[in-house]
Amino acid sequence: LPGIIFADTTSEIALLEVMVHESAHHLLYIAETGGPLIDPAETRTFVSPLRPDPRPLRGILLAYHALAFMCAFYRDLRASDLGDGVMSTADLLDLQRKMGEAGGVLDAASASLTDRGIEFLKRTHEVARYAV
């Protein structure tokens, strides 16, 4: 079922985070319907800011894209009346650091992206710049 999200959260803010996170993943899946974002011949694995085990480049792109939108969400939320005390500065800085690390991995491996992937990465970089 395209676009379906199952979530069990403890608060409205947590539910919003899940929706932002999963919607970002869904946007990447939709982008892939027009063709691959990563060269299908790319088989290397890369250091992930979110997991201890090396990940395929698509996994890094998936993480970076979700982190960019989550950081943008928390940036906006913290600036609103609703966001007072929602996320500590340290936690947001940690998310932004992980986002930056993933973006750096993708930049270093950009030769393995298709033309569509390069455009997708550029648009994600725009979100990431906004999110810091």
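**The largest pocket and its setting**

Mentor: The protein has four helices and two strands. This is a predicted model, and the values that follow are computed from it. Read from the N terminus, the elements come in the order α-β-β-α-α-α.

The overall dimensions may be taken next. Along the principal axes, the C-alpha trace of the protein spans about 45 × 35 × 25 Å. The radius of gyration is 15 Å, which agrees with the value near 14 Å that a compact globule of 132 residues would have. Of the 132 residues, 37% count as buried. The protein exposes about 7800 Å², and 58% of that area is supplied by carbon and sulfur atoms. As for contacts between residues at least 6 apart in sequence, 68% join residues at least 24 apart.

I now turn to the part you asked about. The largest pocket holds about 230 Å³ of space. It is lined by 13 residues, and those closest to its centre are Leu50, Arg51, Gly59, Leu62 and Ala63. Two helices, α1 (12-32) and α2 (57-79), each supply at least two residues of this lining. The largest share comes from α2, with seven residues. Sorted by class, the lining comprises six nonpolar, four polar and three charged residues.

Gly85 and Leu50 are 35 residues apart in sequence, and their C-alpha atoms are 24 Å apart in space. Gly85 itself is found in the loop between α2 and α3. Gly85 counts as exposed because its relative accessibility is 70%, and the cut-off for that class is over 50%.

Two further positions complete the description, beginning with the loop between α3 (89-108) and α4 (115-130), where Thr114 is found. Leaving aside residues up to four places away in sequence, Thr114 touches Pro36, Leu37, Ile38 and Asp39. By contrast, Thr114 and Phe73, 41 residues apart in sequence, are 28 Å apart in space, C-alpha to C-alpha.

The other position is Arg123, which is found in helix α4. Arg123 has a relative accessible area of 45% and is therefore partly exposed, since that class lies between the buried limit, under 20%, and the exposed limit, over 50%. The C-alpha atoms of Arg123 and Glu101 are separated by 17 Å, and the two residues are 22 apart along the chain.

To return to the pocket, its lining draws on α1 and α2 with at least two residues each, and α2 contributes the largest share.

How values were computed
Residues are numbered from 1 along each chain as its sequence is written. This is a predicted model: local features need pLDDT of at least 70, side-chain atom pairs count only at pLDDT 80 or more; totals for chains, interfaces and linings use all residues. Side-chain values use heavy atoms; hydrogens and water are left out. On a 1 Å grid over the protein atoms alone, a cavity is a set of points where a 1.4 Å probe fits but cannot get out, and a pocket is an open set with protein on both sides within 12 Å along at least five of seven lines; lining residues have an atom within 4 Å of a point. Grid points are joined across faces, edges and corners, and a volume is the space filled by probe spheres set on the points. Ala, Val, Leu, Ile, Met, Phe, Trp, Tyr, Cys and Pro count as nonpolar, Asp, Glu, Lys and Arg as charged, and the others, Gly among them, as polar. The radius of gyration is taken over C-alpha atoms; the globule rule is 2.2 Å times the number of residues to the power 0.38. Buried means under 20% relative accessible area, exposed over 50%, partly exposed in between (1.4 Å probe, protein chains only). Contact means heavy atoms within 4.5 Å. Accessible areas come from the Shrake-Rupley method with a 1.4 Å probe; for residues, only the protein chains shown count as cover.
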